[in-house]
Amino acid sequence: TMSREQAFTRYVSHELRTPMMVVRGGLSVLRKSADEKSTKQITRIDKAISEMESLTQTFLLLARNEEKDEEQLEISQALISEIVTNQQDLAIANSVALAYSASENFMLTVYRQLFNVLANNLLKNAINCSLGGEVNLNITSTKMEVIDNGIGLEQKPRGYEGFGIGLNIVRDICEKYGWTFELTSNETKGCTAIVLFNSPSTL
């Protein structure tokens, strides 16, 4: 049942926090005496731990079903800029031109963590599918669009195993808030991911 799945998620997420704190503490000690080569590996491990922490927090928030605790988030130019900036390294590595447009600021009932994960996962997926291409993020008070001119839905990206867990998490976030998620092929090239904020979920 759903309640059992939510309980399992909470238990697993809570139990992951302690070992991750231990690893982060160990990295802090190692960093003090590390040479250049070791520092690079420590940085990679540190980044992986940060991603695990983010994923753990995401699972915990998805497992919550208390609507009263859900926060109002201001979707601002600064927030969108920060999200896009976080994906610039991946975009550069894939030779992808990454751009965004956002309308006036607006409020959305969503945890900031879940909104960040939603946008980041859609951008990451589009970038990985668009080697040497373009990815555009467009946000209004009613929808989020991520448009790419990559390989489309019919092919797997080079060196990237399908769409992975990222889009499953996007679907779960949309289901939580009653949003609609659509992923369609463009008429010319690539695909478009659309999240409609104020529509009932069709998943």
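# Legends to close-up views of a predicted model

Residues 24 or more positions apart account for 70% of the contacts in the chain with a separation of 6 or more, where a contact means heavy atoms within 4.5 Å. The model is predicted, so local features need pLDDT of at least 70 and side-chain atom pairs count only at pLDDT 80 or more, while totals for chains, interfaces and linings use all residues. Residues are numbered from 1 along each chain as its sequence is written, and side-chain values use heavy atoms, with hydrogens and water left out.

**View 1. The chain holds six helices and seven strands.** Helices (H or I, at least four residues) and strands (E, at least two) are DSSP runs, numbered from the N terminus. Of the 203 residues in the chain, 37% are buried. Buried stands for under 20% relative accessible area and exposed for over 50%, with partly exposed in between (1.4 Å probe, protein chains only).

**View 2. Five strands form an open sheet in the order β2-β4-β5-β7-β6, with mixed pairing.** The edges are β2 and β6 (180–185); each has a single partner strand, so one side of each is left without a neighbour in the sheet. On average, neighbouring strands of this sheet are turned by 10 degrees against each other, direction ignored. For such angles, axes are lines fitted to C-alpha atoms, for helices over the stretch in contact, and the values run from 0 to 180 degrees between N-to-C directions. Two strands are said to pair if DSSP finds at least two bridges between them.

**View 3. Strand β4 (residues 134–139) has a covered face and an uncovered face.** Val135, Leu137 and Ile139 make up the covered face, whereas Glu134, Asn136 and Asn138 make up the uncovered one. Which residue stands opposite Val135? That residue is Leu98. Strand β2 (residues 97–102) pairs with β4 in the parallel sense, over six bridges. β4 is also joined to strand β5 (residues 143–148), by five bridges, and these two strands run antiparallel. Glu145 in β5 is the bridge partner of Asn138. Three residues lie between β4 and β5, which form a hairpin.

**View 4. β6 pairs with strand β7 (residues 191–196) in the antiparallel sense.** Six bridges link the two strands. In β7, Ala193 stands opposite Leu183.

**View 5. Helix α3 (residues 77–86) packs on the sheet, where it touches β2 and β4.** The direction of α3 makes about 165 degrees with that of β2. Leu79, Ile80, Ile83 and Val84 are the buried residues of α3. Seen down the axis of α3, these buried residues fall within an arc of 130 degrees, so they line one face of the helix. The arc is that of the directions from the helix axis to the C-beta atoms. The cover over the buried residues of α3 includes β1 (72–75), α4 (88–93), β2, α5 and β4.

**View 6. Helix α5 (residues 112–128) lies across β2, β4, β5, β6 and β7.** Its direction is at about 20 degrees to that of β5.

**View 7. Phe106, Tyr177, Trp179 and Phe197 form one aromatic cluster.** The structure holds three aromatic pairs. Rings of Phe, Tyr and Trp (its six-membered ring) pair if their centres lie within 6.5 Å; planes under 30 degrees apart count as stacked, over 60 as edge-to-face and the rest as tilted. The ring centres of Tyr177 and Trp179 are 5.0 Å apart and their planes are at 25 degrees, so this pair is stacked. Tyr177 and Trp179 are both buried. Trp179 also pairs with Phe197, edge-to-face, at 5.1 Å centre to centre and with 75 degrees between the planes. Trp179 is in the loop between α6 (164–177) and β6 and Phe197 is in the segment after β7, so the pair ties together parts that are 18 residues apart in sequence. Lys176 lies over the face of Tyr177, at 5.9 Å from the ring centre. A charge sits over a ring if NZ of Lys or CZ of Arg is within 6 Å of the ring centre and within 35 degrees of the ring normal.

**View 8. Tyr11 is found in helix α1 (residues 2–32).** Is Tyr11 buried or exposed? Tyr11 is exposed, with a relative accessible area of 58%. Its C-alpha atom and that of Leu60 are separated by 9.1 Å, although Tyr11 and Leu60 are 49 residues apart along the chain. Helix α1 also contains Glu15, which counts as exposed at 61% relative accessibility.
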